[in-house]
Amino acid sequence: MVLTTLLLLTVSTNLPAGAAKPIVQQHCVGCHALKVVTSTRASRQQWASIVDQMVSRGAEVDDDDIESVVEYLAANFAPAKSGSSVTKNHALKVVNVNTATAAELTASLGFSAKESAAVVSYRGQNGSFKGWTDLAKVPGLEARKVELNKNRLRF
């Protein structure tokens with residue numbers, strides 16, 4: 001109980017205020033790290049697609065709440081505007097995981113530095129990846145992060 005409370009306190013301090021914040025906390029963070037959500041920048045249409053994908057994979061969000069979640073995510077995690085000091089939108093960038101450096105993987109896909117280094121090391125020892133399911137097998141890399149980015153991966 002204490003651990004759950006601490007986790008929710010940590011999560012709540014990292015998300016912006018909004019009507020759907022509790023829904024995101026309850027249903028998104030249960031499956032993947034908050035960083036996966038907060039590091040993604042997407043348009044409203046893209047967020048709608050991502051939320052639909054997550055619901056189809058088992059996220060238990062009430063139909064009545066889906067629209068408010070999409071609006072919350074689109075309002076708080078939209079692409080950077082041109083000329084903004086925010087880093088360039090990596091939600092749309094296609095990444096060739098067989099040629100990308102660890103720094104490029106971290107910046108583009110939201111992998112931690114340790115996860116990106118594990119990908120580069122694994123690739124060096126085992127050769128090129130053939131598909132996203134091969135990449136998901138890298139020890140130390142969360143398979144959910146790979147799956148969330150699978151449409152942006154090139155091999």
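Trainee: Hi! How many helices and strands are there in the protein chain?
Mentor: Hello! The predicted model has 9 helices and 2 strands in its protein chain.

Trainee: And what pattern does the chain follow along the sequence?
Mentor: Reading along the sequence, you get α-α-α-α-α-β-α-α-α-α-β.

Trainee: What percentage of the residues count as buried?
Mentor: The protein chain has 155 residues, and 37% of them count as buried.

Trainee: Okay, contacts next. Of those between residues at least 6 apart in sequence, what share joins residues at least 24 apart?
Mentor: That share is 57% for the protein chain.

Trainee: Let's go inside. Which residues of the largest nonpolar core touch the most other members?
Mentor: Look for V24, W47, V69, Y72, L73 and F77, in a core of 22 residues. Helices α2 (21-27), α3 (34-38), α4 (44-56) and α5 (63-76) each give at least two residues to this core.

Trainee: Which helix supplies the largest share?
Mentor: That would be α5, with 6 residues of the core.

Trainee: I'd like to zoom in on W47. What does it touch, leaving out residues up to four places away in sequence?
Mentor: W47 touches V37, T40, A42, V70, L73, A74 and F77 on that count.

Trainee: How many residues does the second core have?
Mentor: There are 15 residues in that separate core, including A100, L105, V138 and L153.

Trainee: Now helix packing. What do I need to describe two packed helices?
Mentor: You need the angle between their axes and the distance between the axes.

Trainee: Then what are the numbers for α4 and α5?
Mentor: Their axes come within 9 Å, crossing at roughly 130 degrees. The two helices are therefore oblique to each other, and the crossing of α4 and α5 is right-handed.

Trainee: Which residues make that contact?
Mentor: From α4 you have R44, W47, A48, V51 and V55, and α5 brings I66, E67, V69, V70, E71, L73 and A74. By class, the contact of α4 with α5 has 9 nonpolar residues, 3 charged ones and no polar ones.

Trainee: Where do the axes of α6 and α7 come, and at what angle do they cross?
Mentor: Helix α6 (residues 102-109) and helix α7 (residues 113-126) have axes that come within 8 Å and cross at roughly 130 degrees. That makes α6 oblique to α7. Their crossing is right-handed.

Trainee: Which residues meet there?
Mentor: A102, L105 and T106 of α6 meet A113, S116, A117, V119 and V120 of α7. In this contact of α6 with α7, 6 residues are nonpolar, 2 are polar and none is charged.

Trainee: Changing topic: is K145 buried or exposed?
Mentor: K145 counts as buried, because its relative accessibility is 6% and the cut-off for buried is under 20%. You will find K145 in helix α9.

Trainee: What is K145 in contact with, beyond its neighbours within four places in sequence?
Mentor: Its partners are V36, G110, F111, S112 and E115.

Trainee: Tell me about V36, then. Where does it lie?
Mentor: V36 lies in helix α3 and counts as buried at 11% relative accessibility. V36 and K145 are 109 residues apart along the chain, yet their C-alpha atoms are separated by 7.0 Å. Leaving aside neighbours within four places in sequence, V36 is in contact with K145 and L148.

Trainee: I'm also curious about K150. Where is it?
Mentor: K150 sits in the loop between α9 (143-149) and β2 (153-154). With 26% relative accessibility, K150 counts as partly exposed. Beyond neighbours within four places in sequence, K150 is in contact with R57 and W132.

Trainee: One more: where is G127?
Mentor: G127 is in the loop between α7 and α8 (132-135). This glycine is partly exposed, with a relative accessible area of 32%. G127 and N98 are 29 residues apart in sequence and 8.4 Å apart in space, C-alpha to C-alpha.

Trainee: Thanks, that helps!

Key. Residues are numbered from 1 along each chain as its sequence is written. This is a predicted model: local features need pLDDT of at least 70, side-chain atom pairs count only at pLDDT 80 or more; totals for chains, interfaces and linings use all residues. Side-chain values use heavy atoms; hydrogens and water are left out. A nonpolar core is a set of buried Ala, Val, Leu, Ile, Met, Phe, Trp, Tyr and Cys residues joined through side-chain atoms within 4.5 Å. Buried means under 20% relative accessible area, exposed over 50%, partly exposed in between (1.4 Å probe, protein chains only). Helices (H or I, at least four residues) and strands (E, at least two) are DSSP runs, numbered from the N terminus. Contact means heavy atoms within 4.5 Å. Axes are lines fitted to C-alpha atoms, for helices over the stretch in contact, and angles run from 0 to 180 degrees between N-to-C directions. Angles under 35 degrees count as roughly parallel, over 145 as roughly antiparallel, 65 to 115 as roughly perpendicular and the rest as oblique. A crossing is left-handed if the near helix is turned anticlockwise from the far one by less than a right angle, and right-handed if clockwise. Ala, Val, Leu, Ile, Met, Phe, Trp, Tyr, Cys and Pro count as nonpolar, Asp, Glu, Lys and Arg as charged, and the others, Gly among them, as polar.
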